[in-house]
Amino acid sequence: MGDTCPLPVIKTMNALKELNGAGTVQVLVDNEVAVQNLTRLADSKGCTIETEKRSDKEYRVTITAGEAVEETGDEASFCAVPTEQKKVVVVISADHMGEDNDELGKILLKGFLFALTQQEKLPSTILFYNGGASITCESSASLDDLRSLANLGVEILTCGTCLNYYGLSDKLQVGEVTNMYVIAEKQMQADLVIRP
């Protein structure tokens, strides 16, 4: 209750993982969008779901996981772990995500970067250029999430030309400075490039 996207999904996914097999997780949320997001989560993980609208601002979502749990090494995992890790590069070229409303776009981008910290498969590299260069600098709302990603082994690279252009050369707080050759090379070598 009271959590903004993507927290209800992340908290529910973590609770499902803690089951280590079959079991039930009940979640209370305060909006229909969260119910829809949890329904998609349950569907994607092969779980059954029941929803109950308890009031205008309270929904109970019950997700039941079955016995089908893939073994990975010595421990069971709720989500299947692929045997081959693809090289994924995320490209951030603005200080917001999407079009039309920059204020909303900044909230969405912060949520996206936080959501990346919660993924089982992490990108190999996140590239920041043009307006996106500010996200790795002082006063960015995403610095903690980017530091978490860097600590998990994600390469964080910001365009040096962009830092110079925006007067941010001495403001970089996470990752390393890079150049357009490396930015092009990282994308060419990637199995998948994501541009939120």
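**Reading a helix pair and a salt bridge**

Me: Is the crossing where H1 passes H2 left-handed or right-handed?

Reply: H1 passes H2 in a right-handed crossing, that is, the near helix is turned clockwise from the far one by less than a right angle. This is a predicted model, in which local features need pLDDT of at least 70, side-chain atom pairs count only at pLDDT 80 or more, and totals for chains, interfaces and linings use all residues. Residues are numbered from 1 along each chain as its sequence is written, and side-chain values use heavy atoms, without hydrogens or water.

Me: At what angle do the axes of H1 and H2 cross?

Reply: Two packed helices are described by the angle and the distance between their axes. Here helix H1 (residues 7–18) and helix H2 (residues 32–44) cross at roughly 35°, with axes that come within 9 Å. The axes are fitted to C-alpha atoms over the stretch in contact, with angles from 0 to 180 degrees between N-to-C directions. Helices (H or I, at least four residues) and strands (E, at least two) are DSSP runs, numbered from the N terminus.

Me: Which residues make the contact?

Reply: With contact meaning heavy atoms within 4.5 Å, H1 brings Pro8, Val9, Thr12, Met13 and Leu16, and H2 brings Ala34, Asn37, Leu38 and Leu41. They divide into 7 nonpolar, 2 polar and no charged (nonpolar: Ala, Val, Leu, Ile, Met, Phe, Trp, Tyr, Cys, Pro; charged: Asp, Glu, Lys, Arg; polar: the others, Gly among them).

Me: How many salt bridges are there?

Reply: Side chains of opposite charge can pair when their charged atoms come close. The count comes to 8 salt bridges (a side-chain nitrogen of Lys or Arg within 4 Å of a carboxyl oxygen of Asp or Glu). One of them joins glutamate 120 and lysine 17, at 3.0 Å from N to O. This pair links distant parts of the chain, 103 residues apart: lysine 17 lies in helix H1, and glutamate 120 in the loop between helix H3 (102–117) and strand E7 (125–128).
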